[in-house]
Amino acid sequence: MLKPTIFLIDDKLSNLIALEQHLESSEYEIEKYSTAIEALPRMLLAPPHCVLVDCQLPEMNGIEFTRIVKADPSLKDVPIILITGKIYSENQALAAVQAGAYEYLTKPLNPVLLKAKVSLLVDYARCKRYCQNQETSDS
């Protein structure tokens with residue numbers, strides 16, 4: 001069985017490395033991107049099982065990225081976790097959920113909680129894909 005793919009998107013290399021270490025990459029195939037614009041074409045080729053994206057990115061922020069992904073029929077079911085370094089903002093959390101994010105987390109991240117949430121969303125993505133494949137093969 002292929003390892004599930006997770007995209008990490010952050011403009012700070014140190015954050016990408018920390019996220020990868022938190023997720024113990026032996027369980028996942030991890031792809032790292034410094035901008036959301038860089039990740040989008042790759043997502044269209046092979047949708048990941050989960051995306052962790054920083055809210056404050058240059059060119060396109062995490063909420064804008066989430067809206068674009070959720071508007072695409074081939075990507076709408078990809079779970080997205082938005083991460084922010086800012087103090088918790090109820091308005092930003094609401095905007096993240098309204099854009100289609102499954103989670104909104106603030107730094108510093110709790111590695112145990114992050115790993116559990118990612119694992120849950122990867123399982124969800126696998127089940128969703130399995131069901132969609134079953135529907136397609138039954139047609």
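Modeller: A crossing of two helices is called right-handed if the near helix is turned clockwise from the far one by less than a right angle. The model before us is predicted, and in it the crossing of α2 and α3 is right-handed.

Colleague: How many degrees is the angle at which the axes of α2 and α3 cross?

Modeller: In general, two packed helices are described by the angle between their axes and the distance between the axes. Here the axes of α2 and α3 cross at roughly 15° and come within 11 Å. Angles under 35 degrees count as roughly parallel, so α2 is roughly parallel to α3.

Colleague: Which residues make the contact of α2 with α3?

Modeller: From α2 come A36, L40 and M43, and from α3 come F65, I68 and V69. By class, this contact has 6 nonpolar residues, with no polar and no charged ones.

Colleague: Which residues have the most contacts inside the largest nonpolar core?

Modeller: As a general idea, nonpolar side chains in soluble globular proteins tend to be buried together. The largest nonpolar core here has 25 residues, and those with the most contacts inside it are I9, M43, V51, V53, F65, V69 and L82. At least two residues of this core come from each of β1, α2, β3, α3, β4 and α4. Another core, of 17 residues, lies apart from it and includes L16, I30, L105 and L121.

Colleague: Is E31 buried or exposed?

Modeller: A residue counts as buried under 20% relative accessible area; E31 has 15%, so it is buried. E31 lies in strand β2. Leaving aside neighbours within four places in sequence, E31 is in contact with T5, I6, F7, L8 and R42.

Technical notes: Residues numbered from 1 in each chain as written. Predicted model: local features only at pLDDT ≥ 70, side-chain atom pairs only at ≥ 80, totals over all residues. Heavy atoms only, no water. Core = buried A, V, L, I, M, F, W, Y, C linked by side-chain atoms within 4.5 Å. Buried < 20%, exposed > 50% of the residue type's maximum accessible area, 1.4 Å probe, protein only. Helix = DSSP H or I, 4+ residues; strand = E, 2+ residues; numbered from the N terminus. Axes fitted to C-alpha atoms, helices over the stretch in contact; angles between N-to-C directions. Parallel < 35°, antiparallel > 145°, perpendicular 65-115°, else oblique. Contact = heavy atoms within 4.5 Å. Nonpolar A, V, L, I, M, F, W, Y, C, P; charged D, E, K, R; others polar.
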